[in-house]
Amino acid sequence: MNFSVLTVSDKISIGGSIITIISMIISFICARDSKNNKDETEQYYIKAKNVTKFANIKESYHECKNLTDKFAELLKLSNIEEKDLRGKNFTILVKEVAMEVDSSLKKIRQLISYEQWEEINKLLNQDINVQGYIDSLITGTEVCEDEFKDVEKLCICKDKVNKIQDKLKEQSEKLEKELK
């Protein structure tokens, strides 16, 4: 084949064909590599999602420990004598602690998944409604003349928080095993 006979448009056409063939080869190589990268990326995404879930459960667990401490503080207030109040208003003290409990419950609700919260919420609503009880402590309707109307409800709430803490610890340990 005599290339001197080829016109400029023929040479451009041949050059375009060569570039097209090279582009197809590069595309094939990239497509093959991207399939492998897709699998790796998907695995990385799942692992990152589980690490985030693990961190949120751990933080919820520690927030639950805080709840346990707050309920212990409320139980301590239930046994306080008037002389130990030293001019402090019992109802306001209870309200402040109850507001911290409410805040901790809201934080836990934000940290964990909807499914996990539904499971915990079922436990919170068994027998007595914990959120409703906390709300009544905040408004003062469960407090009467420097004492709780029903200390047993307070004990039930504390037990429920302990069960939630155990549940979160169990979920945390399970996820930790999966991540290893």
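Asp102 and Lys106 sit four residues apart in helix H3, about one turn of the helix. Helices here are DSSP runs of H or I with at least four residues, strands are runs of E with at least two, and both are numbered from the N terminus. Asp102 and Lys106 form a salt bridge, with their closest N and O atoms 3.2 Å apart. A salt bridge is a side-chain nitrogen of Lys or Arg within 4 Å of a carboxyl oxygen of Asp or Glu. Asp102 counts as buried at 11% relative accessibility, while Lys106 counts as partly exposed at 42%. In these terms, buried means under 20% relative accessible area, exposed means over 50%, and partly exposed lies in between, using a 1.4 Å probe and protein chains only.

Before going further, a word on what you are looking at. This is a predicted model, in which local features need pLDDT of at least 70 and side-chain atom pairs count only at pLDDT 80 or more, while totals for chains, interfaces and linings use all residues. Residues are numbered from 1 along each chain as its sequence is written, and side-chain values use heavy atoms, with hydrogens and water left out.

Now step back to the whole protein. Its secondary structure comes to six helices and zero strands, so the pattern along the sequence reads α-α-α-α-α-α. Of its 180 residues, 31% count as buried. The protein exposes about 12,400 Å², and carbon and sulfur atoms supply 53% of that area. Accessible areas come from the Shrake-Rupley method with a 1.4 Å probe, and for residues only the protein chains shown count as cover. Take the contacts between residues at least 6 apart in sequence: 77% of them join residues at least 24 apart. A contact here means heavy atoms within 4.5 Å.

Let us return to the charged pairs. Side chains of opposite charge can pair when their charged atoms come close. How many salt bridges does a search of the whole structure find? The search finds six. One of them joins the side chains of Lys70 and Glu100, at 2.5 Å from N to O. This pair links distant parts of the chain, since Lys70 is in helix H1 and Glu100 is in helix H3 (residues 90-111), 30 residues apart. Lys70 counts as buried at 14% relative accessibility, whereas Glu100 is partly exposed, with a relative accessible area of 34%.

Another salt bridge joins Glu119 and Lys167, whose closest N and O atoms are 2.9 Å apart. Glu119 lies in helix H4 (residues 114-125) and Lys167 in helix H6 (residues 151-179), so the pair ties together parts that are 48 residues apart in sequence. Both partners are partly exposed: Glu119 has a relative accessible area of 37%, and Lys167 has 27%.

There is also a network of salt bridges that links Glu59, Glu63 and Lys107. Glu63 lies in helix H1 and counts as buried at 12% relative accessibility. Leaving out residues up to four places away in sequence, Glu63 touches Ser104, Lys107 and Ile108.

Apart from neighbours within four places in sequence, Gln116 is in contact with Lys53, Ile57 and Gln171.

Next, look at how helices pack. Two packed helices are described by the angle between their axes and the distance between the axes. H3 and helix H5 (residues 130-139) pack at an angle of about 145°, with their axes 8 Å apart. These axes are lines fitted to C-alpha atoms over the stretch in contact, and angles run from 0 to 180 degrees between N-to-C directions. On the H3 side, the residues that meet H5 include Val94, Ala98, Asp102 and Leu105. Their counterparts in H5 include Gln131, Ile134 and Ile138.

The loop between H4 and H5 holds Asp127, which counts as exposed at 76% relative accessibility. Most residues other than glycine have a negative phi. Phi of Asp127, however, is near 60°, a positive value in a residue other than glycine.

Finally, turn to the surface of the model. Ile14, Ile18, Ile22 and Ile26 form a nonpolar patch there, with about 350 Å² of accessible area together. Patches are made of residues with over 30% relative accessible area and no salt bridge, with like charges joined within 9 Å and nonpolar side chains (Val, Leu, Ile, Met, Phe, Trp, Tyr) within 5 Å. Ile26 belongs to helix H1 (residues 8-78) and is partly exposed, with a relative accessible area of 47%.
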